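Work through the exercises below with the sequence and the model in view. Each task is followed by a solution in steps.

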Amino acid sequence: MDQSQTPLLDGLLNYRELNRYGFTPPGHRQGLGVDERVMKVLGDQPFRDDVLASGGLDDRRMSNNYLKDAESLMAAAVGAESAWFSTCGSSLSVKAAMMAVAGGDGGLLVGRDSHKSIVAGLIFSGVQPYWVSPRWDAERHFSHPPSPEDIDAAWDKHPDAAGALIVSPSPYGTCADLAAIADVCHDRGKPLIVDEAWGAHLPFHEDLPTWAMDAGADVCVVSVHKMGAGFEQGSVFHLQGDLVDPDRLSACADLLMTTSPNVLVYAALDGWRRHMVEHGHELLSAAIDLAKILREELNRISGLSVLEDELIGKEASHDLDRMQVLMDVSATGTSGYQAADWLREHAHIDVGMSDHRRILATLSYADGKETAGRLLEALHAWRSAADDFDKPTPMKLPSPDELELETVMLPRDAFFAHVEQIPADKAPGRISAEQMTPYPPGIPAVVPGERLNNAVVDYLRSGHAAGMNIPDAADPSLDTFRVVAQ
C-alpha cells in the first residue's frame, strides 16, 4: 500500500476546496455561530474542520471509503491484519475487545493491574474476571505485570475462560513478556488481548519494547494520543489471526462507538501514521538518545533516583520503555505528590504521574533538548526548594497480600446492586459497590464486588490525606464508602 496517502486528510482538504456547506450538525456551521470570545481562544480552524463523517466529509453511504482506507493503511503500517479507529479513546477499544472475546456469559483472565477502563468493561458487559495477580516489589510498593508462569497457572485454574487480557506497557513503561504469554494462550487455543495504550510508538523502532502484534497478540489496543501525535481520545485497535471474529469485534465497537465521531480525531490518526512510516524511526532514535542523556543528568540530582535496573529482571518486568522516566524522590524526605504540586505551581511543569514516593515524566518523539532542559532545570529548582518542605503526611501502605481483596460478586452485579453509604470505619468486611482508583495511573485499588479490608481502607484514606487523587469515589472525602446493601 502507498503509505504516503492520507485518505481522511485528503478528504478534509477536498471538503474545504469544494466549499461544501451542510444543513446538518454540527450547528456551529464551521464556526459561523461561535462566540467571538470562544474563537479568540480556540481559533477558527477547529470549527472549520469539525464536519460530519458520514454525509459531510464522505457521502451518506461512505462510498469514498476515506475511513476504511485509512484504517487499512494503519494496519499495513504496523503489520496487523485489520485496524479500527476510535474517537472514544482506548477505553472504548478495550471494552469492544473484551465483549468480542468473552461477551455473553464468558470469563476472561485479567491482570489485576488493569486500568479502570477495563473494570468499566467488566461492569458494562457482565464478563466474569479471573484475576491474575501482578508481581509485587514490596520494598518499593510497586507492581509488575504478570509473568507467563502466572498466566499459565491461571489457565490451569480457569480452563473455560474465553481469553486473557494483559496491560503492557504499564503506565510506568514496564512490559510483560508478551511473546511467552501469547504462546501460553495459543497453546490452549485461546486469544490474547493486550491493552497497549502506552505503546502506539512501539512498532516503529527496534530499540523499543516488542510491539504486541509482533509478539503474537490477537487483539491490541493503542492510544495514539499518549505516545503518538493524535488528539486526546484518538485510539486504534488491531486484530490478527483467527481466534477472534473480526465481524463480532467490529459489531461490539459499533455498539459502544459514538454515531457522531470527530473527524479531527480521525484525520490526526491518519496523518500520524504517515509521519511514523516516513520519519518515525529517525524521530524515535533521537528521542531514545535524548531519554538516555536526560536519565543520566537527572540521576546526578541529590536524592533523586531514576528507576531502570530495579524495574527489569526475573522477579520484575520483562522490558522497559525508557522514554517513561520514573523517578523515586523518597530519599529527599518529600513525597511525589509534593514534588508534582511544586513543579506545577512554581515551574509550570506537569508530570504524568505522582505517588507517595515517585513522579513520572513521559517523553515523546516531539521532545528535544529545549523541553528536556526545561524539565531538568525545574527539577534542580525543586530539589533546592525541597529541603524546606513540610514533612509529608504518612501513608499506611498495605502488604501485597492485604492488597489482594476477595472477589465475592461479579463487578456488574455489585455495581448495580442496592447500595448504601456507610462510615469508613464500618466498611471493612463489606462488599464494595464502587471503583476506588488512585489516578493517575488509574489502576483501581478496589473493584466493585470485592470485600473491603482494614488495610485497603486505611491505605486509601491515608493516601487521600497525603495527596492521592481518587476521582471515582462516591464520597470525595472518603469519610464514607459505597457498599452493597445487606
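**Exercise 1.** Which residues are linked with Asp156 in a network of salt bridges?

Solution. This is a predicted model, in which local features need pLDDT of at least 70, side-chain atom pairs count only at pLDDT 80 or more, and totals for chains, interfaces and linings use all residues. Residues are numbered from 1 along each chain as its sequence is written, and side-chain values use heavy atoms, with hydrogens and water left out.

Step 1. A salt bridge is a side-chain nitrogen of Lys or Arg within 4 Å of a carboxyl oxygen of Asp or Glu.
Step 2. The network links Asp156 with Asp152 and Arg188.
Step 3. Helices (H or I, at least four residues) and strands (E, at least two) are DSSP runs, numbered from the N terminus.
Step 4. Arg188 is partly exposed at 31% relative accessible area, whereas Asp156 is exposed at 54%. The terms mean: buried under 20%, exposed over 50%, partly exposed in between (1.4 Å probe, protein chains only).

**Exercise 2.** Find the salt bridge partner of Lys116 and state which parts the pair ties together.

Solution. Step 1. The side chain of Lys116 meets that of Asp472 in a salt bridge of 3.3 Å, N to O.
Step 1. Lys116 lies in helix α6 (residues 116–125) and Asp472 in the loop between α17 (454–466) and β17 (480–484), so the bridge joins parts 356 residues apart in sequence.
Step 2. Lys116 is partly exposed, at 22% relative accessible area.
Step 3. The structure holds 19 salt bridges.

**Exercise 3.** Is His141 buried or exposed, and which residues does His141 touch?

Solution. Step 1. Locate His141 in the loop between β4 (135–137) and β5 (142–144).
Step 1. His141 has a relative accessible area of 11%, so this residue is buried.
Step 2. Contact means heavy atoms within 4.5 Å. Leaving out residues up to four places away in sequence, His141 touches Trp136, His356, Arg358, Leu397, Pro398, Leu403 and Tyr459.
Step 3. Ser93 is 48 residues from His141 in sequence and 30 Å away in space, C-alpha to C-alpha.
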